[in-house]
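Here are some friendly notes to read alongside the model. Take the points one at a time and find each residue in the viewer as you go.

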Amino acid sequence: MSDSDINEPTGWWSKQSGKSKAVLGLAGVCCLGLLLIVVVGGFMSPDASTTNTTSSDDSSSSTTTTPQPVESESDYKASCKKISFNEINKNPDSHAGERVKLSGRVVQIMESSGLTDIRMDVNDNFGDTVYVTYAGTTSALEDSMITIYGEVVGSYTYESQAGWEITLPEIDAKYVTVSK
């Protein structure tokens, strides 16, 4: 091949046989097709901001959820039942999920990062202690009288500073009212 053949735009192509041209043409079409598939696939694939939704014209197969109304504080408190310490202490796990109302004296209170943990002696009876968690803060201090409204979680076990394992009923309080 001479330099003039390479410099000619049609020089190399015109010297190819018909079979070679067909193979090169087919390879080019395949490459373009593959490129087109990749580009279209990129546009069709979902990304983090894409939401897929489906709808159906058949109303009998679609389900609609109605948002539940938010329960008022007074309704929540009214749904909480009074329970004796002895009853809840006997088997805290069997009361898990029950809404309860308990009053007593704060033995220990710890707040951290907007969460509060309270050990409370029910009805101010020394040793009738429950462990209370509360997602919030309160004005209660050690020795404050409080009433809690919440759900029984079950048993809560921790190690005391003396190294004893202590198990108490645990209550997840929704509301904490300070009496004095």
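**Notes on salt bridges and strands**

1. Let's begin in helix α4, where lysine 77 and glutamate 73 both sit, four residues apart, about one turn of the helix. Their side chains form a salt bridge, with the closest N and O atoms 2.9 Å apart. Please keep in mind throughout that this is a predicted model.

2. Now look at a pair from separate parts of the chain. Lysine 81 and glutamate 98 meet through their side chains in a salt bridge (3.3 Å, N to O). Lysine 81 belongs to strand β1 (residues 81-82) and glutamate 98 to the loop between α5 (85-90) and β2, so this pair ties together parts that are 17 residues apart in sequence. Lysine 81 is partly exposed at 39% relative accessibility, and glutamate 98 is partly exposed at 24%.

3. Which residues do salt bridges with shared partners join into one network? They are Glu71, Arg99 and Glu151. Within this group, arginine 99 bridges to glutamate 71, with their closest N and O atoms 2.9 Å apart. Arginine 99 lies in strand β2 (residues 99-112) and glutamate 71 in the loop between α3 (18-44) and α4 (73-79), so the pair ties together parts that are 28 residues apart in sequence. The count of salt bridges comes to five.

4. Next, follow the strands. Strand β5 (residues 145-159) and β6 run antiparallel and are joined by 13 bridges; threonine 157 stands opposite threonine 167 in β6. Their hairpin has five residues between the strands, and glycine 163 takes a positive phi near 95° there. Strand β6 (residues 165-178) also pairs with β4, this time in the parallel sense over four bridges. Here tyrosine 131 stands opposite glutamate 170 in β6.

5. Finally, zoom in on threonine 133, which lies in strand β4 (residues 129-134). Is threonine 133 buried or exposed? With a relative accessible area of 18%, it is buried, because the cut-off is under 20%. The side chain of threonine 133 makes a polar contact with the side chain of aspartate 172 (3.3 Å). Leaving aside residues up to four places away in sequence, threonine 133 touches several others, including Thr116, Asp117, Glu170 and Ala173.

Key:
Residues are numbered from 1 along each chain as its sequence is written. This is a predicted model: local features need pLDDT of at least 70, side-chain atom pairs count only at pLDDT 80 or more; totals for chains, interfaces and linings use all residues. Side-chain values use heavy atoms; hydrogens and water are left out. Helices (H or I, at least four residues) and strands (E, at least two) are DSSP runs, numbered from the N terminus. Buried means under 20% relative accessible area, exposed over 50%, partly exposed in between (1.4 Å probe, protein chains only). A polar contact is a pair of N or O atoms within 3.5 Å; within protein, one must be able to donate a hydrogen and the other to accept it, and residues adjacent in sequence count only if both atoms are side-chain atoms. Contact means heavy atoms within 4.5 Å. Two strands pair if DSSP finds at least two bridges between them. A salt bridge is a side-chain nitrogen of Lys or Arg within 4 Å of a carboxyl oxygen of Asp or Glu.
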